[in-house]
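Here's a quick briefing to read alongside the structure. Have the sequence handy as you go through the topics.

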Amino acid sequence: MSWIVFEHDGKPHRLAVVRTSVGVWVGWPGRAKFFVPERAAAVGARPLHDELRAPMTGRVLKVKVAAGACVRANQVLLILEAMKMEYQMQAPFDGTVAGVFCKEGDLVDLGQPLVKLAPADGGGSRT
Amino acid sequence: MKVLVANRGEIACRVLRTLREMDVPSIAVFTEPDRDAPHVWLAGEAVGLGEPRAYLDIPRVLEAVRRTGATHVHPGYGFLSQSAPFARACRDAGVGFIGPSPEAMVALGDKRGARATAERIGVPVVPGASECDSVEAARAAAERVGWPILLKAVGGGGGKGMRLVHRAEDLPEAMEAARREAVAAFDDARMLVEKYVFPVRHVEVQILADGRDAVALGERECSLQRRYQKVIEEAPSPGIADSTRQGLFDSAERLARAVGYQNAGTVEFLVGPDGSHYFLEVNARLQVEHPVTELLTGMDLVRLQVEVARGAPLPARIAPRGHAIEARLNAEDPYAGFLPQAGKVLMLEWPQRPWVRIDSGIRAGSEVSTHYDPLLAKLIAWGPDRDAARRRLLEALRETTLLGVTTNQGFLSQILESGFFVAGETFTTTLEKHQWPDPPVPAEVSAAAKRALSVRAPSVAAEAAGAMEGAGSGGDRFSPWAGMGRFRMDA
């Protein structure tokens, strides 16, 4: 796969498409994005679930919370390091740490679950 | 003359290309992940160094020099380019280092030494203190110059080992993190403190020197940064008067002469709203954004570096022509905290248009790892005026197709289209002050993605074959485009 002409609403569009075993890359003028099957939503590091996944391949430098801890939105949960730069992973919402799946010094892969949070309101919804 | 290029990626490619034009025999070095990287194939010879970190390994690089009989080393930027021990080791081995002497590096490349030199010859510096290795010393300095302050690694660069600190109570943690980063990146935990001044422009001066004299070859404005990493660079600076420019050139040349600087370097300044300038630091090497100056002057800075290293006289100051803007294409996700991205480049097409230059270190099939800097390529556009260059660069970004690794391509266009950029209102705080929402995906793109995903995933083998060939083979039984009515391959 490479360039295709895709017709949408009666108009032709030239798009670059490469399918992988996980999803599909689509390129259009000025931009490209990776789409995965569920919801055909674009992949990003924004936490869609209660699980915080590694947004990049790197090393766990610090783990600042333990299971059972109450955390506030934006509180730093752990620090990752890649390319000698440090990246702080923050809580996306107020909640309780349900599990920590890594320890300091671990090498983690992109997408690997690192921390699981239970929202403070007990429900699954948040904004 | 025979030159070993002790670097990788786009800068190694760029240096090796000039060496070929000059008919100078060249040698590339590579690590395990870079075994098949583009730079390896641009050199006359290539020497493997081993593990991913080996570009920093002085004995191994010198062993490659000895084995190949190289007479000179070009260090590029990053890695060993500002290592005084490496420059000294080259000299001891009788090898020419295409860059400043180790003495000049210590006097200028080290931020502490640079401040002291500037103060001595009367070049203005940002208020601060050079020796702040402890929290107590840093706090005392901060209270003297006023909060907020920047805590900076003395041996640092590229924002590594640097922290903005607003309050005394945040200092201990910031100091710990900055020192950790500085030790990991430069093996040097020394810190200094500077008052955090804003709004300011970051304007730097390209210099070339021969140990006695120095010449300023123009300025570059690099105010648009995030986490102290430059994103967009341009010249001339849209926000300084000619008198300020002359003052910057004078300060830069005086600093270079004061330390007997040799070869290419960049003197960085902050420029306040009133046009006053403060010396920041010297980047004692060729810089990422050097093509901006090349497009404006018609000079090949790498060629000049080689010629100056061979003893040629310095060129004269040159009047710039038109305007040039550079955008850095990085493997990072601008809409997810700018986290570095990795992957295999599955498809790659660069724009082809006049007055646009692409300096790239990748090709289709390249594996982008997180071992190294996220910079994939630089797109640089020249135009007769600023807006012509801006529009040209935007079009070049529109025509760039890179699939397989998430990049900041869309973010670069957003910046070039923003009102502040059009107006030339660019300050060091501008990028981080603005919100950069992920623009909505066009409807036809979501629809095409959905359609592609509706078909069973290809086997790994078929995927590899398709990705490598650029595909379009009519008999691809996994193709989601097969048998889909008004749908055709553009092969």
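Contact here means heavy atoms within 4.5 Å. This is a predicted model, where local features need pLDDT of at least 70, side-chain atom pairs count only at pLDDT 80 or more, and totals for chains, interfaces and linings use all residues. Residues are numbered from 1 along each chain as its sequence is written, chains are lettered from A and ligands numbered from 1 in the order in which they are written, and side-chain values use heavy atoms, with hydrogens and water left out.

**Chain A overall**

- Chain A has 12 strands and zero helices; helices (H or I, at least four residues) and strands (E, at least two) are DSSP runs, numbered from the N terminus.
- Of the 127 residues in chain A, 46% are buried, where buried means under 20% relative accessible area, exposed over 50%, and partly exposed in between (1.4 Å probe, protein chains only).
- Among the contacts in chain A with a separation of 6 or more, 45% come from residues 24 or more positions apart.

- You'll find A:Val24 in strand β3 (residues 24-28) of chain A.
- Why does A:Val24 count as buried? Because its relative accessible area is 0%.
- Leaving aside neighbours within four places in sequence, A:Val24 is in contact with residues of chain A, including A:Val17, A:Arg19 and A:Phe35, and with B:Ala449, B:Ala452 and B:Leu453.
- A:Val24 and A:Val36 sit 12 residues apart along the chain, with 6.5 Å between their C-alpha atoms.

**Nonpolar cores**

- A nonpolar core is a set of buried Ala, Val, Leu, Ile, Met, Phe, Trp, Tyr and Cys residues joined through side-chain atoms within 4.5 Å.
- The largest one has 53 residues, and B:Leu4, B:Tyr261 and B:Phe279 have the most contacts inside it.
- Beyond its neighbours within four places in sequence, B:Phe279 is in contact with residues including B:Ala114, B:Val125, B:Leu255 and B:Phe269.
- A second, separate core has 32 residues, among them B:Val231, B:Ile362, B:Leu379 and B:Trp436.

**Cavities**

- A cavity is a set of points, on a 1 Å grid over the protein atoms alone, where a 1.4 Å probe fits but cannot get out; lining residues have an atom within 4 Å of a point.
- There are two cavities of 30 Å³ or more, with grid points joined across faces, edges and corners, and volume taken as the space filled by probe spheres set on the points.
- The second largest cavity holds about 30 Å³ of space, and its lining includes B:Lys111, B:Lys152, B:Gly156 and B:Met162.
- β7 (149-157) and β8 (160-165) of chain B each give two or more residues to that lining, and β7(B) gives the most, with four.

- Helix α9 (residues 290-297) of chain B is mostly covered, with seven of its eight residues buried; B:Val292 and B:Leu296 are among them.
- Just after α9(B), B:Gly298 takes a positive phi of about 75 degrees.
- B:Ser366 lies in the loop between β20 (356-360) and β21 (367-368) of chain B, and counts as buried because its relative accessible area is 11%.

Methods:
1 Å grid on protein atoms, 1.4 Å probe; cavity = no way out; pocket = protein on both sides within 12 Å on 5 of 7 lines; lining within 4 Å.
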